[in-house]
Amino acid sequence: MSERLLPPREACRRLGIHFVTLKRWIYSGRIRAVKTPTGRWMIPESEVERIISGKEVKEVRAIIYARVSSSDQKSDLERQIEYLTQYCTAKGYRVVEVLSDVASGLKTNRRGLQKLFNCVVNRQVDVVVVTYRDRLTRFGFEYLEYFFKQYSVRIEVVYGEEPKDAYQELVEDLLAIVTSFAGKLYGMRSHKKKKLVQGFKKLLEEVEEND
């Protein structure tokens with residue numbers, strides 16, 4: 001037997017709330033609703049009874065974090081944000097902030113990332129949602145995970161493996177690491193440093209050709 005669905009007016013009457021409040025509850029995930037083919041919201045009777053009985057589901061505050069490495073990837077950044085917004089809605093999370101950066105995953109002083117840290121420390125969020133682990137950081141993800149956990153914040157990674165088209169970004173990050181270490185070993189303008197970096201570039205090209 002299918003569950004009875006209540007029209008918004010009936011749900012509002014039984015809950016003692018205004019229709020505007022009901023809409024806010026629907027979009028924030030506080031109350032589950034069903035959208036009919038005609039676009040009308042209907043409320044399962046069990047949801048109304050749950051709220052009346054006081055068995056409220058704790059609100060989950062989410063922050064969306066998205067990142068790309070360069071400005072020509074803006075469309076990908078927008079796709080990340082759009083998908084993560086839909087994901088949070090489906091999970092019933094209330095999105096309190098959407099943060100993004102256009103920078104390498106190796107860079108630690110990203111504006112969006114620093115704002116995220118502030119939100120975590122000030123206990124303004126329950127879950128941080130990202131598409132892939134490397135969107136937060138190229139290395140040391142476990143450290144961030146542990147740090148966030150100290151403030152009862154979890155990181156939710158929507159996808160598992162990185163997409164194949166992320167290869168170029170990984171190559172750029174590896175080159176940045178090698179260049180930095182070579183500069184510290186030999187000096188930024190030394191011949192040995194340039195030779196080491198050029199050799200590493202050539203190695204990467206050979207690996208790519210043989211794949």
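**Exercise 1. At what angle do helix H1 and helix H3 pack, and how many Å apart are their axes?**

Keep in mind as you work that this is a predicted model.

Step 1. Find the two elements: helix H1 covers residues 8-15, and helix H3 covers residues 45-52.

Step 2. Compare their axes, which lie 10 Å apart at an angle of about 15°.

Step 3. Angles under 35 degrees count as roughly parallel, and H1 and H3 are therefore roughly parallel to each other. The crossing of H1 past H3 is right-handed.

Step 4. Now look at the side of each helix that meets its partner. H1 brings Ala11, Arg14 and Leu15, while H3 answers with Glu45, Val48, Glu49, Ile51 and Ile52.

**Exercise 2. Work out how the rings of Phe147 and Phe148 are arranged, and which aromatic cluster they belong to.**

Step 1. Rings pair if their centres lie within 6.5 Å. By this rule there are 7 aromatic pairs.

Step 2. For Phe147 and Phe148, the ring centres are 5.7 Å apart and the planes stand at 50°, so this pair is tilted.

Step 3. Check each partner's surroundings. Phe148 has 0% relative accessibility and counts as buried, whereas Phe147, at 29%, counts as partly exposed.

**Exercise 3. Find the ring that the charged end of Arg30 sits over.**

Definitions and conventions: Residues are numbered from 1 along each chain as its sequence is written. This is a predicted model: local features need pLDDT of at least 70, side-chain atom pairs count only at pLDDT 80 or more; totals for chains, interfaces and linings use all residues. Side-chain values use heavy atoms; hydrogens and water are left out. Rings of Phe, Tyr and Trp (its six-membered ring) pair if their centres lie within 6.5 Å; planes under 30 degrees apart count as stacked, over 60 as edge-to-face and the rest as tilted. Buried means under 20% relative accessible area, exposed over 50%, partly exposed in between (1.4 Å probe, protein chains only). A charge sits over a ring if NZ of Lys or CZ of Arg is within 6 Å of the ring centre and within 35 degrees of the ring normal. Axes are lines fitted to C-alpha atoms, for helices over the stretch in contact, and angles run from 0 to 180 degrees between N-to-C directions. Helices (H or I, at least four residues) and strands (E, at least two) are DSSP runs, numbered from the N terminus. Angles under 35 degrees count as roughly parallel, over 145 as roughly antiparallel, 65 to 115 as roughly perpendicular and the rest as oblique. A crossing is left-handed if the near helix is turned anticlockwise from the far one by less than a right angle, and right-handed if clockwise. Contact means heavy atoms within 4.5 Å.
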